[in-house]
Each structure stands twice: as structure tokens, then as C-alpha cells.
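The following exercises are to be worked through with the sequence and the structure at hand. Each task is followed by a solution in steps.

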Amino acid sequence: MPRTRQWVRPVVGAAALALTASLGLTACSSGEAEGPVTVTWFINPDGGGSDPSKDGQAGLARICTERANGRYEIEFELLPNSASDQRQQLLRRLAAFDENVDIMSLDPVFVAEFANAGFLKQVPEDYVDDYTTDMVQPIIDSATWQDKLTGAPMWANTQLLWYRKSIAEKAGLDMTKPVTWEQLIDAAKQTEKTIGVQAKRYEGYMVWINALIMGAGGNILLNPGASAQDLQFGLETEAGKAGAEVIADVAKAGVAGPAMSSTDETAALDLFANDTTSGFLVNWPYVWAALPERGIDWVDDIGYTRYPQTIAGEESRPPIGGIVLGVSAATQHESEAWDAIKCIRDEENQKRYMLGTGNPAANKNVYNDPEVKEVFPMAALIRSSLDTGGVRPLTQYYGDVSGVMQRVYSPPNAVNPDTTPVAATELLSDVLNGRALL
Amino acid sequence: MSVVTEVERAAPPPGKAKVTDRAKQERNLGWRLAMPAFVVMVLVTGYPILQATWNSFFSYRLTDPANKHFVGLQNYAVALTDSVFWTATLVTVFITVFTVIVELVLGMIIALVMHNIVIPRRTLRTIVLIPYAIITVVSAFSWFFAFRPDTGYINYWFQWLPGVDLLTDWFGGQWTSLFVICLSEIWKTTPFMSLLLLAGLAQIDTSLDEAAKVDGASWWQRFRYVMLPNMKAAIMVAVLFRTLDAYRIFDNIFIMTAGANDTASLSLLTYNQTIDRVEIGLGSALAVLLFLMVLAIAFVFVRGFKVDLAQGRD
């Protein structure tokens, strides 16, 4: 046998294998020619899990598929748990122009970054009214980039101050009036209880920092839509200082539990659910359903009120979260996608979703519904918090801005109101202009 | 892994003064058998390395592809003048040196026990290997939860130690975080080290040991002058593999601190730039720097300490 053939064979074999594999892939992607069009919706995990029989996003996908009468089918893909991981996965797919992504459940803070990169379709004129009428303003703002609506508000989240009525009474706090962080710290110290906050180095910490600064009348970015070299920062202000002061005070007083620097929403909830440490907690409304699930026997002792004030007498700006539905620029089914979104977030489905998962609706009318009022006795409070909430900076560099803030303000016990805001401003400027690592 | 295998290939085949026809044929057959794997290897490692090197000369953000432009060595300048990079390098070097030394000592003790014990030999070897069989992310989570003051039991068990009480926050500071990270790394990879060392111990000709015994050598003398010199190759291979592996540490830190409190390693820093910030240019520059460092370590071991990788293979 000639020598060459002997060693050519494996190479040919490998090439054949690669060819077969690629043919297989093509076959898969072209297999949807028959039957209704499939619209793929990337959902974030919610109370409904991935069970279409429940009233989570998976359930809405089923309902809206039925309503489409065979024009399209909505399939869902589950995204990771944390907002940062969701962003990473979506970003990778969008940057690769993945045609299998049609609708996405987006955390509002990603909208600016994705829209600026040209990854999102703009909402067609025909749908704009429907998507914005009766929605709370901060979530509309979050879905808008450069005066164009780039997503449809689905639900809107906000944080409340949860407290033990008995502890507040023991500390002599009048919870019918707005309370300040300072009062809470004193009360927690005096009663030897904790205030559950989110101060781990993650997005939740940024949520807290932003709410504190906005509560003092400030803003992290003064001109959030600007490009990197023109951005102006609002940290070296009285408000920036006041925000840092609250974090420093909470850390110094040691009232945020033993592991403040690794406390996220769940850890903060654990502190509140534990009778020996339970005092106060800032957290999203899901805790209302989550607390009884932990088998506590003092449900009647749980109180809720508006987010604490950074500065006494100045209205607080509770954090805003939620989900905005966006359509990928690479989608092959744009009209079906917008039609599906119309169904997913109509008033009836927003109510269903709120009752099914505990995630508050973006539509104001839902809060007047008697059924909603019964299940969520704090519905009016959630709505007023949403109306006056403080959104995190709407900037295309949000990931970097948040990353810098988390880094400079970590660990919380090293926050110094005089130096931390200055250091953060410096690093923000360096990182955004490519002069530093993050 | 890729680097390790490349080093393996770079090492010269066992040198022989005169090669017989049969040996020549066998060697040719060996090359032909290995060729497909070799070609695939070069493709899957070579392409990304070249691509990363190319990308590292650009200012390139995935969310802003229109603005991609050539910046020469600027990304390297940014990285090398940033204190974050040097902190990460120091942290990585510290973790590498500390864990490899501890693992070497512990691994040697375990290997000696496994080598000498007779009765439950197989069971023992299996038990020792369990930590290594656990996925790093899973083991990182269990160590993380064990050391957390709210979910953990470590504080409760060790509260009699000075400086430890029920509320000790291990992940609140750099040194305590690094301590837990190193501990989990050591727990996880010592079995690997001990297994390689056990192979080395098994290679030692027992007659040497017996001769030393007859001559009245103490245990320590036999260990120092008979065992160690005879298993030097195995030790160096084990240390080299573990060093290269430890230098790229990522999982434990990602899970436990995500780089908070100055605990970011070089891999984590690279990940943050590339995957999280989608700064492909800057991230690629860091990846290239990390690659060069790993290459340098391999070079120092192979040349400096004359590690013969082929010898450890027999």
C-alpha cells in the first residue's frame, strides 16, 4: 500500500465527520418550515418555574400560544438565576446574532446597553400606546432609549421596608410616619436585632447604593445617556456623601448581621425569618409569600411600610426593578413577537402573573383589582413606591458603572463618606475610558 | 490542560544513541497513530491563541463593534500599569505557592500511607480520591456554606480557637477569604498530588530500600536518601502539573467571593473583562499575559529543574 494513503485516511475521516456534524446542524435549523411559526421567549426564573400549568411566564407562554390560534407557538427557554448571569447569556447570544432568540425578559438596567449596541428592535408605532398606557412611569423610562421605546414593560418591582411590629414598638418607632435609616440603626442597636440589607459585591448592592443616593436627592450619573468621555458623575456631592454615610453607619453599628459583606436578598431574608435576629428588612415584595413558606409562626407581627429615608424629611426613592420584554434585532419573526408580547403583558395576564408569582404588575389598574388587594394587602403601598421609585442610571455602560460601584463600596465596613465617593468617581472615569481594569 | 499537553509534546523523546530499524518503525507508527489527535489539538488550541493575540491589539467592545480600532500595545500598557493586575498576580502567586507546598507535603504523607498499608488498600485509595471526583463548583459551594456564619458549622466547631467566634465573617477580609479558598483548593486537589506521588513510590526498586535497611539506615535516612532521589521525576511532574493548574484557579474564588476584598485571581480578572464587560481587547491582552506566565512556569520547570516528562510516563 502506498505510504501516503495510510496517513491520509484519518484526515479524510475527520473531515467527513466534521461535514456530517455540520449537515446535522443545518438540518435542525431548517426543520421549522412546517406548522406554526415558533417564537422563542427567554424567560428569567420566576415563581411559576418552568411549569406551563402555573401562572408564571411559562404559563403565559401557554395561554398566549392558545390565543394565537395557530399563527405562532411561544416556546420558552429558562435563563440563569442572577441578573448578571442573565445579562451574560443574552449578551453572548445577541452579539452572535442568534436567530433563535425572539423575545427576551430583560432586567430594566440592560435595556440601554442592549439598545445602544443595536441588539433590540424598536417598538413599532402601532404598539407604543398599548405598551405604555397605564404603566408606572419609572418602568416606561427604563424601557426607553434615546426617546424611543425599545421594550414593553411587563412587571415592575420595588423594595419595601419590612419590620416586626413588636420590635418597632419596643424601640419606640412610629411606623405610621416615614422612618429614616438613622432611626432604624438606632432601633436595631437598642433591641439587638438586625436590618437585612444587600451588601454582597453583586447587583443587589448597587440597588441599595443607588436608592440611598437618590433618596438624598442625588444621582450617580448626571447625564446618563452621554458617551464615556462626556459622562459626569454625581458622587462627590452632599447626596453622594449622605448615601455612603448610611452604609458606613449600618456597617459600624454591626446591625446588618454577622456577614454583611456577603449578604444578598436570600441571606437578608434569612436574618429576618430567624426570630432571634429578626427586626427590619429592605427587600422586594416576594418576601410576603416567602416568609410563611419558612414556617414562621409570627406572620401577624410582620409590618411593611415605605422604603426608609436617607435624609429625614426628604421622600425616599425606593429601588425599581422588574422585567421589560424586548425583541432581538436578529429575530426572524418580528411581527409575531410583538403580537405575542401584546398578549403576554395585557392587563388580565399582568394580574394573573402578579397573583401567580408575587411579582407586582407594571399596569397601575391591576392594583385596584379587589382580588389583588386581598392577596396583597400592601398593593397601594407598592404602587405608590413604584410611582416615585428611583431607577438605576440608564446608561449604555451600566455593567461597568455598577461593577465600579460594587468594587469601590466593598467591603461595606470600609466605606468612608469622605473618601469612597471620590475614589469611585476616579475609577468610573478611568474604567469607562479604557484606562483601568475592572 | 492544553498547555500541559503541549509541554508534554515539546519534551524530546527519550534519547538513544543508535536507533534500530524496529524502533524507528515503532516510532513512525506512534506518530501516525497520534497524528489525528495532534492535528485536532493544534487546531483547537492554536486557533484561539492566535485569535486572542490578534484581538489584544484592538480596542474592541462587543456591544460597540462599530468602534473597534487598532490600539497597538495599549491594552497591555493598561493592564501592566494597573494595580488591580498586580494585586491579582500576587494573589495568584500566593495561592499557587501556598497550596502546592501544602499539597506536596500532605500528598506525600497520604501516598506513603497508601503505599505501605496492606489491608484496605483499594478501599483507601478510592476514599482518598473522592474529593478529586467532586466538581470544583460543588466543592466550592460546600466550603462556602460551611464557613458562612449563618449557614455554616465551622464557626460553631472552632469557636474555642482564639479569634474565632460564632459571628466570624470569613469572607469579609482578604486573608481570611484566601485562607478558605486555599483550604478548599488543597482539600480538592491533594488526592491528585498523592496519586502521582504514589506512582513515583511504586517505581522505587524495593531492593534499594531493603539494602538501606540492612545497613541500619533510619526511616528518615531511607526517605531522604533512597526514596526522594528515586522519585524525583515523579515529584517534579506532580509539582509542575499542580502549579500550572493552581495558577489558573478560578472556580473557588468565583463562587466564594467573586473577587471581592482583593481576592481576584488572574483568571477571574480575565473573565471579568472578557465575559462580563465584553471588553474583548483588554480581556484578550490579559489572557495572553496569563498564557505567557503559564508558559514561563512550564519552561522554568522543564529547563530549570530538568523535569523529564517522558520519564514520568513509564
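Two residues are in contact when heavy atoms of theirs lie within 4.5 Å. The model examined here is a predicted one.

**Exercise 1.** Determine whether Leu212(A) is buried or exposed, and state which residues Leu212(A) touches, not counting residues up to four places away in sequence.

*Solution.* Step 1: Locate the residue. Leu212(A) belongs to helix α9 of chain A, which covers residues 203-215.

Step 1: Apply the cut-off. A residue is buried if its relative accessible area is under 20%. Leu212(A) has a relative accessibility of 0%, and therefore counts as buried.

Step 2: List the contacts. Leaving aside residues up to four places away in sequence, Leu212(A) touches Trp181(A), Gly243(A), Val246(A), Ile247(A) and Thr310(A).

Step 3: Consider one of these partners. Val246(A) is 34 residues from Leu212(A) in sequence, while their C-alpha atoms are 7.6 Å apart in space.

**Exercise 2.** Explain why strand β11 of chain A is described as largely enclosed by the rest of the structure, and identify strands that pair with β11(A).

*Solution.* Step 1: Count the buried residues.

Step 1: Examine the faces. On one side Ile320(A), Gly322(A), Val324(A) and Gly326(A) are buried, and on the other Gly321(A), Ile323(A), Leu325(A) and Val327(A) are buried.

Step 2: Find the partners. Strand β3 of chain A (residues 103-106) runs antiparallel to β11(A) and is joined to it by 4 bridges; here Ile103(A) stands opposite Val327(A). Strand β6 of chain A (residues 152-158) also pairs with β11(A) in the antiparallel sense, over 6 bridges, and Trp155(A) stands opposite Ile323(A).

**Exercise 3.** Describe the contact between chain A and chain B: how many residues take part, and how much area is buried?

*Solution.* Step 1: Count the residues. Chain B contributes 33 residues and chain A 28 residues.

Step 1: State the area. The two chains bury about 2700 Å² between them, with 53% of it on carbon and sulfur atoms. Of the area that chain B buries against chain A, Arg32(B), Thr63(B) and Arg277(B) supply 20%, more than any other three residues.

Step 2: Count the polar links. Between the chains there are 3 salt bridges and 10 residue pairs in polar contact. One salt bridge joins the side chains of Asp400(A) and Arg61(B), at 3.2 Å from N to O.

Step 3: Assign the residues. Helix α13(B) gives the largest share of the side of chain B that touches chain A, namely 6 residues. The residues of that side comprise 17 nonpolar, 8 polar and 8 charged.

How values were computed:
Residues numbered from 1 in each chain as written. Chains lettered and ligands numbered in written order. Predicted model: local features only at pLDDT ≥ 70, side-chain atom pairs only at ≥ 80, totals over all residues. Heavy atoms only, no water. Buried area = accessible area lost by both parts, 1.4 Å probe. Salt bridge = Lys/Arg side-chain N within 4 Å of Asp/Glu carboxyl O. Polar contact = N/O pair within 3.5 Å; in protein donor to acceptor, adjacent residues only side chain to side chain. Helix = DSSP H or I, 4+ residues; strand = E, 2+ residues; numbered from the N terminus. Nonpolar A, V, L, I, M, F, W, Y, C, P; charged D, E, K, R; others polar. Buried < 20%, exposed > 50% of the residue type's maximum accessible area, 1.4 Å probe, protein only. Pairing = 2+ DSSP bridges.
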